[in-house]
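Subject: Structure handover

Hello,

Please find the structure below. My notes on what was found in it follow.

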Amino acid sequence: MEETVWTLPGRNKTGKRGKTPMALFAGTYENRIDRKGRVSLPADFRAELPAEGARVVYVYPSPRGGGLEACDRAFMQRMADSLEQFDMFSDEEDDLASIIVSEARRVSIDGEGRILLPSELIGFAEIDERVTFVGRGARFQIWDPATFADKAAEARERAKGRTMRLLPPEGRE
């Protein structure tokens, strides 16, 4: 049985508007980070990135604090395009561009599947010897394991009794 990859409106590989593949980052993984800031990106996450061309992710401080957010180029482009909904030079546009797009770092994946986290992002997330990668659908998070454990416990407590409505599959191929 062939796997279906959902797509989102956006820019395709040629830069033209169209459908682009949507990565699906799922699961939680913990890896060691070395003194240079290199850490192995989980194989399941690497598998969600395009096999051809530059193998990169964009990493930026989470607007909610504590951890880092990461995504593929297609999702970063969606976020940058989404800023167009705000009036140019408005506080909303300026704030979101300042905390997401301007602080994002393009991080390459080396031949061994590692990424090099910039020191300022390691400092922001207070990462020391280990890193927790957390799948969030079209993006993933990078945390200090102890900080993530606390956040996950809080989220589990808040989620008790909540329900979720699934989006209809309309428009998906």
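Accessible areas are from the Shrake-Rupley method with a 1.4 Å probe, and for residues only the protein chains shown count as cover.

Before the details, the ground rules. This is a predicted model, in which local features need pLDDT of at least 70 and side-chain atom pairs count only at pLDDT 80 or more, while totals for chains, interfaces and linings use all residues. Residues are numbered from 1 along each chain as its sequence is written, and side-chain values use heavy atoms, with hydrogens and water left out.

Overall fold

The secondary structure of the protein chain comes to five helices and 10 strands (DSSP runs numbered from the N terminus: helices are H or I with at least four residues, strands are E with at least two). Of its 173 residues, 33% count as buried (buried is under 20% relative accessible area, exposed over 50%, partly exposed in between; 1.4 Å probe, protein chains only). Among contacts with a separation of 6 or more, 57% join residues 24 or more positions apart; contact means heavy atoms within 4.5 Å.

A buried leucine

L49 lies in the loop between α1 (43-46) and β5 (56-61). L49 is buried because its relative accessible area is 6%. Leaving aside neighbours within four places in sequence, L49 contacts F25, L41, R55, V56, V57, D72 and I109. L24 is 25 residues from L49 along the chain, and their C-alpha atoms are separated by 9.2 Å.

A positive patch

R64, R136, K151, R158 and R162 form a patch of positive charge on the surface. Patch members have over 30% relative accessible area and no salt bridge, and like charges are joined within 9 Å. A salt bridge here is a side-chain nitrogen of Lys or Arg within 4 Å of a carboxyl oxygen of Asp or Glu. R158 sits in helix α5 (residues 145-159) and, at 47% relative accessibility, counts as partly exposed.

Two positive phi values

Most residues other than glycine have a negative phi. F89, not a glycine, has a positive phi of about 70 degrees; F89 is in the loop between α2 (73-82) and α3 (91-101) and is exposed at 71% relative accessibility. E126 also has a positive phi, near 50 degrees. E126 is in the loop between α4 (119-124) and β9 (130-135), and counts as exposed at 60%.

Regards

Notes
Patch = residues over 30% accessible without salt bridge, like charges linked within 9 Å, V, L, I, M, F, W, Y side chains within 5 Å. Lys, Arg positive; Asp, Glu negative; His and termini not counted. Charge placed at Lys NZ, Arg CZ, Asp CG, Glu CD.
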